Amino acid sequence: MKLWLLRHAPVVAEPGLCYGATDLAAHADLTLAAAQAVAAHLPDGLALHCSPLQRCRALASAIEALRPAQGRFETDLRLAEMSFGDWETRPWSAIARADIDAWMHDFADARAGGSGESTRQFMQRVGAAWDDWRRSKRDALWVTHAGVIRAVWLLQQGVRVAERAADWSTREIVLGSWQCIEVADAAPEATDAGPQGQGPLPLR
């Protein structure tokens, strides 16, 4: 089975802003460019799901317009980005280093921003969506966020929660890029090259 993972295009915001669960719009022209780039590679018959945040819904709508035969996307609350609580809409540079260090120290269970989600809570909801996809036995496309994609990488390895900050991938996920992972019945494996791999766009 294959799961396509597509990150939304750049948002309309100042660089360096913390905006996990904040519902910011993405640039319309870059959203269209991302949709055009991935639409040509998508196979028919995918189950289509997207985050409820508008930066993902806009991209899903653009794909629907380009590939109407694919069908309609279903919004899945579990595919939303992680909530950073009181840090939301603040520049990362304005968040006290001590607060970030405290979160890193108890990475699995400390609530981001004091009132946001813990990594465990976040991965539990993404994991529930992952489990439903595995049970569906159907290839799918998720239009989602970097945090969800990184959670999927761990789930693909059988890791249900990142116990330490070091467990969380820092690999870049380009805004507007896509990748496809493949999970066999016996063991999961990733593909990240060619038409089924990551398709980064020059989106900045």
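**Entry 1: V161**

I started with V161 and found it in the loop between helix 5 and strand 5 (178-183). Helices here are DSSP runs of H or I with at least four residues, strands are E runs of at least two, and both are numbered from the N terminus. Before going further I noted that this is a predicted model, where local features need pLDDT of at least 70, side-chain atom pairs count only at pLDDT 80 or more, and totals for chains, interfaces and linings use all residues. Residues are numbered from 1 along each chain as its sequence is written, and side-chain values use heavy atoms, with hydrogens and water left out.

Is V161 buried or exposed? V161 counts as buried because its relative accessibility is 15%; buried means under 20% relative accessible area, exposed over 50%, and partly exposed in between (1.4 Å probe, protein chains only). Leaving aside residues up to four places away in sequence, I see V161 touching A108, R120 and M123, where contact means heavy atoms within 4.5 Å. I also checked V161 against W103: they are 58 residues apart in sequence and 15 Å apart in space, C-alpha to C-alpha.

**Entry 2: helix 4 and helix 5**

Next I looked at how helix 4 (residues 119-136) packs with helix 5 (residues 146-156): the angle is about 70 degrees and the axes are 10 Å apart. Axes are lines fitted to C-alpha atoms, for helices over the stretch in contact, and angles run from 0 to 180 degrees between N-to-C directions. The two helices are therefore roughly perpendicular to each other; that label covers 65 to 115 degrees, with under 35 roughly parallel, over 145 roughly antiparallel and the rest oblique.

On the helix 4 side I listed F122, M123, V126, G127 and W130, which meet G147, V148, A151, V152, L154, L155 and Q156 in helix 5. By class, this contact has 9 nonpolar, 3 polar and no charged residues. For the classes, Ala, Val, Leu, Ile, Met, Phe, Trp, Tyr, Cys and Pro count as nonpolar, Asp, Glu, Lys and Arg as charged, and the others, Gly among them, as polar. M123 is in this contact and also touches V161.

**Entry 3: helix 1 and helix 2**

I then turned to helix 1 (residues 28-39) and helix 2 (residues 54-66), which pack at about 50 degrees with axes 9 Å apart. Helix 1 and helix 2 are therefore oblique to each other. In helix 1, T31, A34, A35, Q36, V38 and A39 meet A58, L59, A62, I63 and L66 of helix 2. I count this contact by class as 9 nonpolar, 2 polar and no charged residues.

**Entry 4: cysteines**

How many disulfides does a search of the whole structure find? The search gives 0, a disulfide being a pair of cysteine sulfur atoms within 2.5 Å. For C50, the closest cysteine sulfur is in C56, 6.9 Å away and too far for a bond. C50 is buried at 3% relative accessibility, and C56 is buried at 0%.

**Entry 5: positive phi**

Last, I looked at backbone angles. Most residues other than glycine have a negative phi. T89 has a positive phi of about 70 degrees and is not a glycine. I placed T89 in the loop between strand 3 (74-75) and helix 3 (97-105), partly exposed at 47% relative accessibility. K137, also not a glycine, has a positive phi near 60 degrees. K137 lies in the loop between helix 4 and strand 4 (140-144) and is exposed, with a relative accessible area of 63%.
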